[in-house]
Amino acid sequence: MNKKELRKEILKHRSVLSSTEVKEMSAVICEHTVLENIYEKAQDVCVYMPIRNEVDVSMLIEDARNRDKRIWLPRVNGSDIDFYLYEADTELSAGAYGILEPESDIILMPDENTLVIMPGAVFSRAGDRIGYGGGYYDRYLAKHCNCSTIALCYSLQIVDEIPSDAHDIRPDHIICEMGKIC
C-alpha cells in the first residue's frame, strides 16, 4: 500500500475506538512516556491537542506542569507550525483543521532541552512515521534538529513496514500502550 492508502486504513481502525478505550490506553501510554529519560530531562515539552481519537496527552500536560516544565502547543502559520506557550490560563481557539490552538504570543525557541511529542497516523516497528499528509512536523523538526522526539500511538497503528521518503523525520522513540517500540 502507498502512504495515502495505509493512512486511510489505519485511521479507519483508530476511529472505531470507544472513548473508554482511548482514555484507558492514553493513560498507559502517558505513564510509559513520563518514565523516558528524554522526557525527564526536557525543560520544554511540546504536545498537541488530540483530535479524532488521537492519544490523549492531558496527563502529560498535568505531569509536566507538576514538574515545572514549560508546555507548548502548535499553531499553524501558513504551511508551517510553531509552538506557543500554553499555561493554565492560556485561551484556546479553533485554528487550522478545527484544532484548538493557543492564543499566546510567546513562541518557543527550541534547544537540546526541548521534547516534541508527535502525533501520527501510522508507525513502523523500525521507527518510521506517517503523519496526516501536511508535513508540518517534518518541516519543523528539519529546521530544529536539536529537539528530542517521541511519537505516541496505539498498537493498532503499528505495522511492520511503511514507505518513507528522504524528508520524513523519524521520532527518537515510539510509545504505545504496550511500551516503547523503538
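**Rings and sheet: a quick tour**

Let's start with Y97, which counts as exposed at 61% relative accessibility (exposed means over 50% relative accessible area, buried under 20%, partly exposed in between, using a 1.4 Å probe and protein chains only). This is a predicted model, so local features need pLDDT of at least 70 and side-chain atom pairs count only at pLDDT 80 or more, while totals for chains, interfaces and linings use all residues. Residues are numbered from 1 along each chain as its sequence is written, and side-chain values use heavy atoms, with hydrogens and water left out.

**Aromatic pairs**

- There are three aromatic pairs in the structure (rings of Phe, Tyr and Trp, the last by its six-membered ring, pair if their centres lie within 6.5 Å; planes under 30 degrees apart are stacked, over 60 edge-to-face, the rest tilted).
- One of them is F83 with Y137, an edge-to-face pair at 6.2 Å centre to centre and 65° between the planes.
- That pair links distant parts of the chain, with F83 in strand β3 (residues 80–85) and Y137 in helix α5 (residues 136–143), 54 residues apart (helices, H or I with at least four residues, and strands, E with at least two, are DSSP runs numbered from the N terminus).
- F83 is buried at 0% relative accessibility, and Y137 is buried too, at 11%.
- Y97 and Y136 have ring centres 6.2 Å apart and planes at 75°, so this pair is edge-to-face.
- Y97 sits in the loop between β4 (92–94) and β5 (100–102) and Y136 in helix α5, so the pair ties together parts 39 residues apart in sequence.
- Y136 counts as buried, at 18% relative accessibility.
- F83, Y137 and Y140 are linked into a cluster by ring pairs.

**Charges over rings**

- R52 lies over the face of Y132, 5.5 Å from the ring centre (NZ of Lys or CZ of Arg must be within 6 Å of the ring centre and within 35 degrees of the ring normal).
- R65 lies over the face of Y86, at 4.8 Å from the ring centre.

**The sheet**

- Seven strands make an open sheet with mixed pairing, in the order β3-β2-β1-β6-β9-β11-β12 (two strands pair if DSSP finds at least two bridges between them).
- The edge strands are β3 and β12 (179–180), each pairing on one side only.
- Strands β6 (residues 114–118) and β9 (residues 148–152) pair in the parallel sense over four bridges.
- M118 has A151 in β9 as its bridge partner.
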